Amino acid sequence: MAEPEKTLDKVDQLKGKVWKVGDDIDTDVIIAARYLNRSEGEYLAEHCLEDLLPNLTAKVKPGDILVAGKNFGCGSSREHAPVALKYAGFSCVIAHSFARIFYRNAINIGLPVIVAPEVAEAVPEGVILEVEPATGVIRDLTNGQTYRGEAFPPFMLEILSAGGAIPYVRKKVNRRDV
Amino acid sequence: MKRVQVTEGISARCGENILLERYLERGSDEQVGMTITEKILAAHAGLEEVSAGALLTAKLDLVLANDITGPLAIKEFAKIGVEKVFDQDKVVLIPDHFAPAKDIPSAQQCFEVKCFAQKQQLKHYYEVGRNGIEHCFLPEQGLVVPGDVVIGADSHTCTYGGLGAFSTGVGSTDLAVGMAQGELWFRVPETMKVVLNGKPKNPWVSGKDYILAVIGKIGVDGARYMAMEFTGEAISALSMDGRLTMANMAIEAGAKNGIIAPDEKTVEYVKGRAQRPWKLYQSDADAVYHAVVELDVTDLQPQVAYPHLPSNVKDVAVAAAAKLPIDQVVIGSCTNGRWEDLWTAAQILKNKKVHPDVRVIVIPGTQDIYLQAVREGLVEIFIQAGAVVSTPTCGPCLGGYMGILAKGERAVSTTNRNFIGRMGHPESEIYLTNPAVAAASAVLGRIAAPEEVV
């Protein structure tokens with residue numbers, strides 16, 4: 001039987017505790033190159049953001065949300081960075097803005113990344129946020145405040161609806177075979 | 001035909017608005033000028049005209065990965081469900097980051113890349129001893145040519161813009177898709193025109209200083225998602241090595257690609273190397289620019305980027321006055337590991353000794369550069385001065401090996417990033433400079449201006 005198709009509106013609401021980082025968080029800090037001699041998600045997650053927030057991985061609970069400032073994920077193209085964040089348990093990253101290679105990599109591996117400058121500025125660490133990936137609506141469950149994140153462009157929605165870049169391409173390849 | 005000049009004072013305006021204004025002014029049937037980046041992407045998407053913001057699928061001339069990003073890409077490639085790569089002649093695999101392998105897991109990664117290349121019968125797999133740092137090696141060997149669209153699973157793939165190609169860094173999944181399909185979707189970037197005027201009075205000012213000065217001016221996200229098009233008399237006068245250095249660091253301003261219009265120097269460089277026909281693109285006079293940044297380089301001094309961002313630049317005189325002692329100097333990398341870089345460093349280190357408290361690591365970018373450095377006496381100059389000369393590798397630039405920094409150590413490096421922990425311990429420091437400043441600093445044991453030594 002074929003894999004069940006995952007569509008964006010079927011992605012569960014994301015809910016978790018907020019962890020905050022600042023501007024220009026680079027991919028070297030997300031996962032240092034000294035760990036790039038391996039690529040397993042679980043291994044990378046153990047060292048995620050460790051030079052900035054030691055022992056983070058032990059404290060993050062599945063579903064937690066990373067909220068960052070400007071230019072999150074700048075620097076190296078290592079896909080290990082979004083992989084480390086995903087396996088560390090983060091359900092999504094919300095930022096004022098993202099560096100472009102990181103943004104694309106995150107979408108490709110199925111880590112939702114949401115541009116929401118208001119959230120980056122207003123939301124403090126420790127609150128519980130709920131995110132609707134399909135609409136970009138973000139709720140602060142501690143005070144009821146609602147924010148709106150940037151909606152995904154239609155082209156990217158298509159990739160996300162397929163469940164990421166690889167399933168998207170598989171669909172295209174299969175279509176061509178027929 | 002009415003020409004609308006839109007080269008200055010538009011930084012706050014959006015490219016699409018300008019496009020709209022022009023349509024209104026001329027009537028919609030008239031073509032609007034395009035930038036080099038737009039032209040190359042349009043040509044590879046089978047379109048006559050594109051503008052910034054458009055989404056398209058472009059044919060790829062070359063797809064590149066290394067020993068760090070390759071294994072992940074190979075894993076994703078296997079999931080796609082195709083047996084063979086789209087073209088055995090257009091996939092380049094180079095073990096350069098942790099190669100020759102620094103440890104068992106790295107050896108495993110290099111081996112995976114090699115096995116994949118063998119299985120796929122790739123024409124362009126280059127083993128240690130016949131390769132170099134990927135972004136030095138590909139232009140040198142004529143594997144990439146002007147007018148190409150190239151993706152590489154390495155952020156510094158933007159280097160080839162120095163030849164007038166569109167090239168950009170991607171992750172391993174995009175690379176896998178590229179290997180399978182030979183095409184990839186792109187959003188056509190807005191272009192920032194960077195105009196460098198004047199002729200520097202200081203003879204030690206190089207392409208590295210130009211790009212550091214620009215990043216210092218616009219910030220590490222100043223060109224985020226954009227194409228940076230470098231132009232002006234200082235660019236025309238710049239060597240090919242210097243141009244490749246500038247395009248290489250476009251990513252450090254957040255850009256998607258850096259690009260320089262090809263000219264006689266480009267053709268001269270490409271002739272005799274190119275393994276394929278090339279195509280020269282120029283921006284139209286009425287091309288749409290999202291922003292224009294101008295810099296007069298006449299009085300520019302060599303730049304030093306302080307920890308922990310490439311935008312944190314100061315003039316070398318300011319850095320020298322601080323008299324900060326240093327522990328290590330690295331001369332090399334995809335940014336500054338080319339012939340001109342080594343030659344410049346050698347001019348300063350000739351008949352000099354490295355400061356007793358400093359270790360200097362010189363890394364030629366490719367085997368050809370290494371051999372030339374041996375033949376022309378550069379390696380002897382470095383060794384006599386008290387430096388070590390390594391085989392080509394990315395090694396220390398990303399804290400891999402061959403020069404890891406201890407807690408509290410301070411390095412001067414001709415590489416591209418000085419992020420926290422980039423070269424080793426999170427409490428080490430990296431100061432980015434050009435090769436002349438790095439060599440002078442090696443002699444004095446602190447950040448130094450070249451004229452203090454020669």
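Burial here is a neighbour count: a residue is buried if 20 or more other C-beta atoms lie within 10 Å of its own, with C-beta atoms placed from the backbone. Helices are DSSP runs (H or I, at least four residues) and strands are E runs of at least two, numbered from the N terminus.

This is a predicted model, where local features need pLDDT of at least 70, side-chain atom pairs count only at pLDDT 80 or more, and totals for chains, interfaces and linings use all residues. Residues are numbered from 1 along each chain as its sequence is written, while chains are lettered from A and ligands numbered from 1 in the order in which they are written.

Take helix α6 of chain B, residues 172-181: 10 of the 10 residues are buried, so the helix is largely enclosed by the rest of the structure. Among them are Asp174(B), Met179(B) and Gln181(B).

Some numbers for chain B:

| Item | Value |
|---|---|
| Helices in chain B | 16 |
| Strands in chain B | 18 |
| C-alpha box of chain B, along the principal axes | roughly 70 × 55 × 40 Å |
| Buried share of the 454 residues in chain B | 60% |

Notes. A residue is buried if 20 or more other C-beta atoms lie within 10 Å of its own, exposed if 12 or fewer, and partly exposed in between; C-beta atoms are placed from the backbone.
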